[in-house]
Amino acid sequence: MKRNDVRNVAIIAHVDHGKTTIVDSLLKFSGQFNVKSDEAQDMVLDSNPLERERGITILAKCTSVNYKNTIINIVDTPGHADFGSEVERVLKMVDGAILMVDAVEGPMPQTRFVLRKALALGLKPIVVINKMDRPNATPSTVIDNVFELFMKLGANDEQLDFPIIYASGRDGWASLKMEEKGQDIEPVFTTILNQVPPPEADMEKPLQMQVTILDYNNFLGNVGIGRILNGVIKKGQTIALVNEGNINSPKITKAVRIDKFYGLGKQEVEQAQAGDIVSIAGLEGVEVSDTVCSIDNILPLPRLSIDEPTVSMNFLVNDSPFAGKEGKFLTSRHIKARLEKEAQTNVGLKIETLEGEGKFKVYGRGELHLTVLIETMRREGFELAVSSPEVIYKEVDGKIYEPMEFLTLDIESQYQGIVFELVGKRSAKLENMISEGEDRLRLEYIIPSRALIGFKNEFLTNTRGEGIMHHSFYDYMPKVNVSNLRTSGVFIAKEQGKTTAYALDNLQISGQLFVGPGAEVYEGMIVGQNSRDNDLVVNPCKLKKLTNMRSKSADDAPMLTPPKIMNLEQAVEYIAPDELVEVTPMSIRLRKKVLNHLLRKRTSQKESEE
């Protein structure tokens, strides 16, 4: 049986290729905004403050529009590979996918990542060449590159015969012809109705729905979101939660509330049937991959495969002298409860409690995945300390394998030499080099994940901010040698106090400062970078001694270079294995794990002897 009144489609793309913007245009066209279009909020689905600040989608979200008496369920997916666990699960809910590609940039690393997932599931994507309003758009070249990417990823003949739409999500138009500007976004709706198959749905079969997205409601508890494959579910119905591991002991619970997605919100319904994407509240103990079924017919669906984490970081209780001055939640109990709550809905995350008080190892899909969690926690009032990221190795047939990334660099030709040198010392392997115009190059590399830690900052500095880089997880490959990437030591504060301009003026001759005058510092805190490779204990709080002697230069005010203020991601990338980042709602500080200088020397001596 087919439900011709429903279409389920996901929008997939690389970061910043316009997924959320085109959803805005679809919602406006279908009349979901009750205000004038120029007053409507942009990127309405990116409701999380971090998503709006960074301009990226972090969590998959559902919406729906009514077009010609057909409900079109649209799922907006993240474009960054660090949130790939969201994409994998969402694609299981839909029957079609819209692949968005920038009319200038063409296919990028995350385009490859999300497209591979879609093709593997047998979906036939609709290709939308977005941002046609850009002055240097080259749609014909982009289409050739997209076709080549489909071929590389093993698309079948049916998938290679993909429909193409030319659009500008920001201006709200789409066209089926490259040379013609469209009047509105309607061609996207028409193509979805014609190309996306209606969902197969049998209302007579026993109830089956696989939970693919988790949510939480403070009043109703755990919420499971998914597509009903078979049968009908009614509000208040007693249901079973089952997976392949607990067939004999399913969790019995009740569908307290059933919601369908309508426009920008949800609408409670009394019942839902096969083919619908719904949200069910009150599912106590629900996990991703659980099958919701009737208690009379326990029929679990195959588990969803979710890529394993590739990076880990230690989360520790903040034990610095400034602990408790800025945050509300400080203890290991608070941190543990918050991490466990996050793990309930963030499927790509794994938590492990380490030996010792207040130590947790958190595993994620990438550095961005974990720093987004840390940033969210600090905004909620948490104080904690985090270690440098470590990649997760695997042992295969006695050999050590490590995660590799597919790295794309867009640079001006004049920076070619310095960029080759930067990636060369990181054991990167050049896969492709494409000339883009007279003075731009696109370089494609396979590079170890650990070699990318700290690379972005160095890359942007050496290309004067003009280089563009993107990367996504490629595969596990045999471990390679990577030389020590941080060649500079640090300045470590000798004592607690306030920094003075006099002391900092003397320090800046030997390196770069991370703090300005009048900043509170403590013993063991990192206050700058040494120009040499050794760590140096310094006194940034030293006062100028006053004497009765006068000289020409005595009263000259020190000329301080502005300090380098790091954001959370830069700080996490910068620190060495024996250092931590202290994260509070107001501050980000770098420090040594062992604050006392003498204890630090003894610890390093013991480690060298061992």
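## About the model

This is a predicted model, in which local features need pLDDT of at least 70 and side-chain atom pairs count only at pLDDT 80 or more, while totals for chains, interfaces and linings use all residues. Residues are numbered from 1 along each chain as its sequence is written, and side-chain values use heavy atoms, with hydrogens and water left out.

## The whole protein

The protein has 14 helices and 35 strands; these are DSSP runs numbered from the N terminus, with helices (H or I) of at least four residues and strands (E) of at least two. Of its 610 residues, 52% are buried, meaning under 20% relative accessible area with a 1.4 Å probe, protein chains only.

## Helix 1

Helix 1 spans residues 19–29, and eight of its eleven residues are buried, so it is largely enclosed by the rest of the structure. Those buried residues are K19, T20, I22, V23, D24, S25, L26 and L27.

## Helix 8 meets helix 9

Now for our opening pair. The axes of helix 8 (residues 332–345) and helix 9 (residues 367–379) come within 12 Å and cross at roughly 130°. Axes are lines fitted to C-alpha atoms over the stretch in contact, and angles run from 0 to 180 degrees between N-to-C directions.

Helix 8 makes the contact (heavy atoms within 4.5 Å) through I335, R338, L339 and E342, and helix 9 through L373, T376 and M377.

Technical notes
Buried means under 20% relative accessible area, exposed over 50%, partly exposed in between (1.4 Å probe, protein chains only).
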